[in-house]
Amino acid sequence: MLTDQQLQHYRTFGFVTLRNLFTPEEVETLRHEYETELDHIYADRPFTGQTRYWAMMLHPRTPLFAGLLEDERFCRVAEQLYGEDVIGIGTDANRYVGDTRWHPDHRADPDEDCYGVKFAFYLDPVDSGSGALRLIPGSHRRGFHEHLRETLGALDLEVAEVPAHVCRSDPGDVVAFDMRCWHASSGGVAGRRMCTCVYYNNPHGEAEEAAARKRAVGSKDVGAQFGRPGEPAYPPEWLTNPAGSPRRGRWLRRMEELGYFELPA
């Protein structure tokens with residue numbers, strides 16, 4: 001759970017850094033699962049530093065990653081921020097190349113998009129010169145968010161020239177940020193290892209429901225964006241909820257209603 005001060009920081013600026021959330025032993029396990037899973041998925045395409053790799057990490061092959069969505073360190077904070085009916089959407093792994101442009105993951109407008117919290121963590125130290133996450137404080141708020149949408153492109157600035165908070169991070173640290181925040185990275189080496197856990201606000205009302213359904217449709221063939229067309233986003237083993245988790249069961253039922261997938265009979 002966030003302290004009162006951390007909660008206020010998040011609500012004011014749109015993010016908060018959680019230091020040493022993972023133990024050193026967990027970091028080593030995450031590194032191992034990350035490498036073995038991406039090597040498995042991209043066995044026919046060794047990494048060359050030219051193309052970003054991505055994987056949903058909910059498979060039994062990656063048990064620590066697959067359990068993070070239901071880990072109290074993450075889900076309880078998500079529930080604290082967006083209500084106990086928040087939806088755990090996924091845990092992924094990314095092997096990035098080059099800079100990442102300024103962008104939000106969601107619009108600050110329920111008529112256009114849904115919203116939620118992303119927990120981002122790196123498996124190597126990162127700072128301002130090596131690809132650390134950069135966030136524009138307060139850009140989760142609708143007015144400022146839309147002003148940046150209108151002006152960032154017109155300013156024609158390099159990523160590092162835009163005033164922003166650089167989330168310096170060591171392995172074990174986690175940055176929680178509202179996905180309506182504008183964010184980017186600069187100076188990262190090819191192959192930098194960044195992972196996320198994502199939770200969406202449970203949509204209420206016609207506008208939020210429509211935005212959530214639109215995003216669900218768009219997520220169905222996410223593998224095609226990373227060279228794996230036709231691959232389902234969610235492993236069947238995760239969808240069957242073999243341990244009978246009530247929390248995951250609620251997520252799965254709501255996600256099916258919204259159109260993310262059809263659950264096994």
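**A walk from the cavity to the sheet**

The largest cavity holds about 30 Å³ of space (on a 1 Å grid over the protein atoms alone, points where a 1.4 Å probe fits but cannot get out; lining residues have an atom within 4 Å of a point; the volume is the space filled by probe spheres set on the points). This is a predicted model, where local features need pLDDT of at least 70 and side-chain atom pairs 80 or more, while totals for chains, interfaces and linings use all residues. Numbering runs from 1 along each chain as its sequence is written, and side-chain values use heavy atoms, with hydrogens and water left out.

Start by selecting I87, C114, Y200, N201, P203, A212, L258 and Y260, the lining of that cavity.

Next, colour the open sheet, β1-β8-β5-β10-β3-β2, six strands with antiparallel pairing (strands are DSSP E runs of at least two residues, helices H or I runs of at least four; pairing takes at least two DSSP bridges). β1 (15–18) and β2 (53–56) are the edges, each with a single partner strand, so one side of each has no neighbour in the sheet.

Now click on β5, residues 116–122: seven of its seven residues are buried (under 20% relative accessible area, 1.4 Å probe, protein chains only). Seven bridges tie β5 to β10 (192–200), with Y122 opposite M194.

Finish with helix α2, residues 24–41, which lies across β2, β3, β5 and β10 (contact: heavy atoms within 4.5 Å).

Terms used: Buried means under 20% relative accessible area, exposed over 50%, partly exposed in between (1.4 Å probe, protein chains only). On a 1 Å grid over the protein atoms alone, a cavity is a set of points where a 1.4 Å probe fits but cannot get out, and a pocket is an open set with protein on both sides within 12 Å along at least five of seven lines; lining residues have an atom within 4 Å of a point. Axes are lines fitted to C-alpha atoms, for helices over the stretch in contact, and angles run from 0 to 180 degrees between N-to-C directions.
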